[in-house]
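Here are my notes on the model you sent. Please read them with the structure open.

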Amino acid sequence: MANYLAQFQTIKNSCDHIVIAVEDVSDLWPNIKSGFEERVPIKRASLNNKTRNPVLVENFPCEFILTTDSRLRSRFPQEQSLFWFREPYATIVLVTCEDLDEFKTILKPRLKLIVQNDEKEWFIVFVSRAHPSNDNAVKMAKKVYAKLEVDFSTKKRERCCKYDIHGPEANFWDDLESKIMECVRNTLDRRVQFYEDEIRKLTEQRFMPVWNFCNFFILKESLAFMFEMAHLYEDALREYDELELCYLETVNMPGKQREFGGVDHGDDWAALLNHENKPLTQIVQDDSFREFEFRQYLFSYQSKLLFKLNRPFEVASRGHSFIIGFSKALTLHENMLPFCMREVWVITACLALINATASRNYDGLVAPDIEKEFYRLKGDLYSLCRVKFMRLAYLIGYGADIEKSPVNSALLSMLPWPKPPVWPSVPPDASPEVLEKEKVILQATPKIKHFGIQRKPLPVEPSVLLREANRRRASLSAGNVFEVFDGRPALIDGSASDASSRIPLSKKMNTISMLRTNSSPGTFDGSVDRPMRLAEIYVAAEHALKHTISDADLWKALSSVEEFEKKYLELTKGAADNYHHSWWKRHGVVLDGEIAAVCFGHGNFDLAAKSYEKVCALYAGEGWQDLLADVLPNLAECQKMLNDQAGYLASCVKLLSLDKGLFSTKERQAFQAEVLRLARSEMKDPVPLDVSSLITFSGNPGPPLELCDGDPGILSVTVWSGFPDDITLDSLSLTLTATFNADEGAKALRSSTATILKPGRNTITLALPPQRPGSYVLGALTGQIGQLRFRSHSFSKGGPADSDDFMSYEKPTKPILKVFKPRPLVDLAAAISSALLINETQWVGVIVRPIDYSLKGAVLYIDTGPGLNIEESHVIEMETCVKISQSSAEMMNCKGTQKDCSLAPIKEFQQLKLHNGRIEFPAWASDTNSVIWIPVRAISDSLPRGSSSVTPQKQSNLDGMRTIALKLEFGVSHNQIFERHLHFTDPFHVSTRVADKCNDGTLLLQVILHSQVKATLTIYDAWLELQDGFIHTGQGTGRPTSSFFPLMISPTSRAGIMFSIRLGKVIDKDTSFIHKACYYVETKHRAFNVIRSKAVQGSCHGTLNDLMSRLKFEFASCLKKFSWITDEVEALETESILNIRYGISGERTNGAHPPVAVDGIETEDARQDLLFKSAIVLQRPVLDPCLAVGFLPLPSTGLSVGQLITMQWRVERLKGPEDNGISEHNGEVLYEVSANSENWMLAGRKRGHVTLSTIQGSRIVISVLCVPLVAGYVRPPQLGLPEVDESNISCNPPGPHLVCVMPPALSSSFCIPP
Amino acid sequence: MATTACFIIVSRNDIPIYEAEVGSATKREDAAQTHQFILHAALDIVQDLAWTTSAILVTEMLNAFSFFILTNKKYWLLQTLLNPLYLPGSRIVSSHFDTKVRALARKYL
């Protein structure tokens, strides 16, 4: 059967659609052919697939072929069964007949004969030639057709249809199509069944020795082909898949090793999409096929079907895995294949797949994720192709042009070298090429990285090519290998890579020259024993590849470095674009970087920079620092070339901020040098630069700096520098941002002086001008280096700047500065609250309590109010305040760091001088509470007045109030003004009381002394200067018994002193004057007598004159004395004066204390007696009353509302007219009755004069008619005598305060008496 | 052929937070970048998986992967991430964690 392979192939190529046979019985075909063929392809056809499920096929192709056609006639029966798929699928019998007899006798038997073959699917088309106008003919045709139907159609199946040649019926064509399809479907089903049976039979024999894969293949492919013809591509594809599966099972069966194939010329050119590459007969081997060709053949059919199914994505996806799988197979057979066959095949296969899938535009036809996957696959294919291409390029010496980037290294260093059985050797005539290559190797300058970065280039080979190539040369023993590396042991280690690009140029020169001396140029003729040199390896590989590669384009791409780069760029771009489309951004961007490297090499820095920026952004964004460190210098170099200073600086800064371990110190210093060089010299215009990753800053740990409103301060900030060396900043400023006041804007603190930042931690102090109240955080750090304006936003975390962490998580910003709202910064308070002695110099204590604020250099201005004097000459004392622990307790609580005053053991004391009302604070007082003692004296001119116990006098504190104004200047322009009230008082408050009135007229006057101060008072002496009308009893001087003294009075307690006095005579003023004047004159009497007697004696004129003047003098003195006496009498005592000599012993911290000795010479022992004077008014006893008013009793029945009653008062004269102090008018007395008009209704005269005899004992009754208006206890009407002083009226018995008024009596008319 | 497994834990924002190279092969110091590169590129695949499989763990918790999946790894990982002092996104520097990972690697590779 395998012999039919060629024929099978031919048949397959010649027929690609289903055939429908036309049995033209009545020679009608030429007439109706065009009409029939117009219906092809059939628009909609329903077929059954392999699993007998109906499938709708559109545009079903078929061809009508007459049975008499040679194509159907000349077939052997055996062929027919084998290639059954090409046999007609339906037979149309075309007949016509116009006569029933003819039909019965001729046509019917003939038709029976035709349709008796069961194999055929047939139906009859009766063609009616009758013209519609010819009724007879039409009728006849109908009759014949009816007969035909009866004879050939069955109940189960309609096998006839009628075609009217002059105008077919409307549904004829549909009928025809459905009949055709019915036949085709039936035939197809039957044939599928047949093939399946055959295949099953063969499959059952699979493990028998007779089994032949070719036979199986023919059957299987026939079935597949049949499906394909019927447009059942899915089924066809499944057949091919099964075929492939079966093949892979058989080909890998042990013991059945066959030739692999792939050794023919052109085999390197992948034919995975080209099913016509080689006829099957060429690849048949024994009972099977060569794997190399056959697998590609199968894949080509699969892809063809997939394309037909419009599934290029699947082609790509199957293709990718096919290439991977096939590449593995190629590896297995590599030692039989030409040099680098595998690489070349993969390249061409990938390109073929890419081209095949790209040439079809399927955009928008599929779901986005499938499309994404499709792009990804294409990216993978490009990438795969690119790797293999690079490998080939490396082998022929373009290694220096391959960028040693991580991506290339990752791809190439893990890709093993090709393993030919024998490494190709240098062709005999290739010495000029070798020389050329050597020259190229020599001239190749290793790419020096920018900034002089010394870094081992990443390997782009799995192991050293030199060794690998020589090892694979058959005749070279392992020992010989080392000859190659003689003197270069460093290159033998596994990490060493391409020798030419690795070692520095000078060293390489030595190496090459050494090689030259070792081997003369004449030995290039490929002596097998000598190890090959690199150039020779390249040349040999080139020749071998030339032999391998049959694709001219591919070879062209490898023919020169330029072409290589072109192709390389094309592949890289393809891969990158596709990866980008597939959202594999990392793959895409990385390949963009490779494109950038090429652009860079060609001086196209603009493009290169753009791509590099993308790569850097990707790595930086995701924090892959190692990778970033590899690319960033390239970007920097591009930017430098483009004179993009801002970008270049930013790159330098980024480089500096990368992990310290990624670059050596020297390299980092180079970065810094570049930054400085640009900043200081090259740049013309200022360039802003963000150095957030490099210079970070933070406030100092601990609480924020706290300032009061309006205070300047010094802010200390920690700045971390990521520069490797010291760096001088021309200026530095730091912005402060208010935390809760956004519109305030940031305030910049400047330090205009140059600052040198050491690497690592620096502490920088900045002068802080007064800020508004609020809380501030650090904003941004800005500064200038030369023309470079840098700016940093990042806060360091308190440790070294963690620059590898690119993620910007929000760090809660700690306030660095707090400026408090205006608040009292200091408190001045009076040290004591108790009163001080008035009119005496007293220490007034002022407590100065700084509230979390230093009072350094504070000055206190003291201004006294009216009635207050400061003893300026005296020192002012200042001492630490220790007594205020209570008052400052709450302050201590909220401020732990403040020195606890009460715990501070050091008690400072200092004497200060008051200059122009100002006191300068000593240094020790700046932070602690202190008290200033100021000697002041409250002046009061008025004499304190005692009060009577009968009519207690209200004490007014205001008299003793004095105000002291204090102004404290401290801090920066902080001055606070305080007014403190000081309370001064007399030592005693005096009240008097007549304790007893004795029978002999002696009055015992009790003087009660109430101490007003918080100090112990000691009374040494007390005496009373009595006013007129009072005299001391006995001969006393008005002093109590002296043995009572000294009398101690405790603070705020009382003491009493008893004086014994009695009433004296009241002296009239005139009487007193006369008395005194006369007395004086009497005393002068003698002097006048002397003058008279001298004048009587008579003497000389001179003596008289003398006497005259003497007399004049005496008169003058008399007149003077009189005026004095007048004054004296005028100022006659109307009040008594109590004098108390006392001493005081008290603490100034408590209150009153002994007065300050102004001169300061005061000794402690010296008792200071103070005198206290108090005026006491003594009143002579009041006279007896002269009138008595009595209220006459009310009726005993009581009062009730509305009841008329008479109120009666009796007025009686108690004294005679001689002793009457009352002014009266002819014995008439004015009276007045007053009552609350709401309670009482009065009738009669309320006011008037009544006549009362002036004789003692005369009496009169005043009566007024009243009606009570309200019930209850009400105040009765009162009788008043307005012209008589109240003291002269004696109310005896006194009138009632309240009287009871009953409710009105009930009316008896309505009430039944009880 | 001696293999080197490079194990990197990547945080949610694709930032490498832990890196360990385990395996028997001698270290090639110049290959560090290559390893990083491979793993970085592999993130594309992980991302694809996260998109298509909607595995919550992958997207939500951590994009943790390695060349070889270590079975017990997750436990230690979680323990580290549950550490309240761990700042999301910062590198894992605990030597204890490092030792554990290496021990697990030896056990399972």
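1. Start with helix 30 of chain A, residues 1069–1097, in this predicted model. The helix has 29 residues. From first C-alpha to last it reaches 41 Å, close to the 42 Å expected at 1.5 Å a residue. Still, helix 30 of chain A bends by about 40° at A:Lys1084.

2. Which residues of helix 30 of chain A are buried? They are A:Ser1072, A:Ala1077, A:Tyr1080, A:Lys1084 and A:Ile1091. Note A:Lys1084 in that list: the helix bends at A:Lys1084 too. An α-helix has 3.6 residues a turn, so residues three or four places apart point the same way. Look also just past the end of helix 30 of chain A, where A:Gly1098 takes a positive phi of about 65°.

3. How many cavities of 30 Å³ or more does a search of the whole structure find? The search finds eight. The largest cavity has a volume of about 110 Å³. Helix 11 of chain A, residues 291–308, gives the most to the lining of this cavity, with four residues.

4. Among the lining residues are A:Trp269, A:Ala271, A:Ile283, A:Phe292 and A:Tyr297. The lining also includes A:Asp267, A:Lys278 and A:Glu293. A:Asn274, A:His275, A:Asn277 and A:Gln296 line the cavity as well.

5. Now strand 24 of chain A, residues 841–850. Why call this strand largely enclosed by the rest of the structure? Because 10 of its 10 residues are buried. A:Thr841, A:Trp843, A:Gly845, A:Ile847 and A:Arg849 point one way. A:Gln842, A:Val844, A:Val846, A:Val848 and A:Pro850 point the other way. In a regular strand the side chains alternate between the two faces of the sheet. Note that A:Arg849 is buried along with the others.

6. Strand 24 of chain A has these pairings. With strand 22 of chain A, residues 826–830, it pairs in the antiparallel sense over five bridges. There A:Ala829 stands opposite A:Ile847. Eight bridges join strand 24 of chain A to strand 30 of chain A, residues 930–938, and these two also run antiparallel. Here A:Val846 stands opposite A:Ile932.

7. Strand 11 of chain A, residues 695–699, is another enclosed case. Four of its five residues are buried, so the strand is largely enclosed by the rest of the structure. Strand 11 of chain A pairs with strand 13 of chain A, residues 713–721, in the antiparallel sense over five bridges. The bridge partner of A:Phe697 is A:Val719 in strand 13 of chain A.

8. Look next at an open sheet of three strands in chain A. The order is 43-52-49, and the pairing is mixed. Which are the edge strands? Strand 43 (1199–1200) and strand 49 (1272–1274) of chain A are, since each pairs on one side only. Strand 49 of chain A pairs with strand 52 of chain A, residues 1299–1302, in the antiparallel sense over three bridges. A:Gly1272 has A:Val1301 in strand 52 of chain A as its bridge partner.

9. Last, chain B. Chain B has four helices and three strands. From the N terminus on, its elements run β-β-α-α-β-α-α. Of the 109 residues in chain B, 44% are buried.

Conventions
Residues numbered from 1 in each chain as written. Chains lettered and ligands numbered in written order. Predicted model: local features only at pLDDT ≥ 70, side-chain atom pairs only at ≥ 80, totals over all residues. Heavy atoms only, no water. Expected span 1.5 Å × (residues − 1). Bend = angle between axes of the 7 residues up to and from the residue. Buried < 20%, exposed > 50% of the residue type's maximum accessible area, 1.4 Å probe, protein only. 1 Å grid on protein atoms, 1.4 Å probe; cavity = no way out; pocket = protein on both sides within 12 Å on 5 of 7 lines; lining within 4 Å. Points joined across faces, edges and corners; volume = space filled by probe spheres on them. Pairing = 2+ DSSP bridges.
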